[in-house]
Amino acid sequence: MPKLDYSGDLVISLPSADLKTTQSWYLGHLGFTHLFSAEQIGWMELETHIKGVTLGFGQNIKPAPGNAVPVFGVRDLDAARDQLESKGVAFDGDTIVIPGMVKLATFYDPDKNALMLSQ
């Protein structure tokens, strides 16, 4: 079977009700960078802190069934969570701790897209 010729880039697509609100939230809360907007098609991409990984937002697109949850690794989950909660970011319950393995915390953007922090 032939291998696919991957470019090394990954765009995670998420729905957005308002691209300007989404852009402001992701830049202000997660420190991402605006790459470009294509207003004529209701699309915007933001650069994450991971080389080659961007988030693409489609205005008023329906979320795909079983949508993926982007998980962002942080060095100190408790500090990151405190920082986001101080900005009014909503989390889904307590941080999950699996001793000796991982800490996880799910939170939401303004469009109720689930995102997660891991340590």
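**View 1. Seven aromatic residues gather into one cluster.** What you're looking at is a predicted model, where local features need pLDDT of at least 70, side-chain atom pairs count only at pLDDT 80 or more, and totals for chains, interfaces and linings use all residues. Residues are numbered from 1 along each chain as its sequence is written, and side-chain values use heavy atoms, with hydrogens and water left out. The structure has six aromatic pairs; rings of Phe, Tyr and Trp (its six-membered ring) pair if their centres lie within 6.5 Å, and planes under 30 degrees apart count as stacked, over 60 as edge-to-face and the rest as tilted.

**View 2. Phe 32 and Phe 72 make a tilted pair.** The ring centres are 5.5 Å apart and the planes stand at 55°, so this one counts as tilted. Phe 32 belongs to the loop between helix 1 (19–30) and strand 2 (33–38), while Phe 72 is in strand 5 (residues 71–73), so the pair ties together parts 40 residues apart in sequence. Helices (H or I, at least four residues) and strands (E, at least two) are DSSP runs, numbered from the N terminus. Phe 32 is buried at 7% relative accessible area, and Phe 72 is buried at 6%.

**View 3. Four strands line up as an open sheet in the order 5-8-7-6.** The pairing is mixed; two strands pair if DSSP finds at least two bridges between them. Strand 5 and strand 6 are the edges, each pairing on one side only. Strand 7 and strand 8 (residues 114–118) run antiparallel, joined over five bridges. Phe 107 stands opposite Leu 115 in strand 8. Helix 2 (residues 77–86) packs on the sheet and touches strand 7 and strand 8 (contact means heavy atoms within 4.5 Å). The direction of helix 2 makes about 15° with that of strand 7; axes are lines fitted to C-alpha atoms, for helices over the stretch in contact, and angles run from 0 to 180 degrees between N-to-C directions.

**View 4. Met 101 is an exposed loop residue.** Met 101 is in the loop between strand 6 (96–98) and strand 7 (102–108), and has a relative accessible area of 67%.

Key: Buried means under 20% relative accessible area, exposed over 50%, partly exposed in between (1.4 Å probe, protein chains only).
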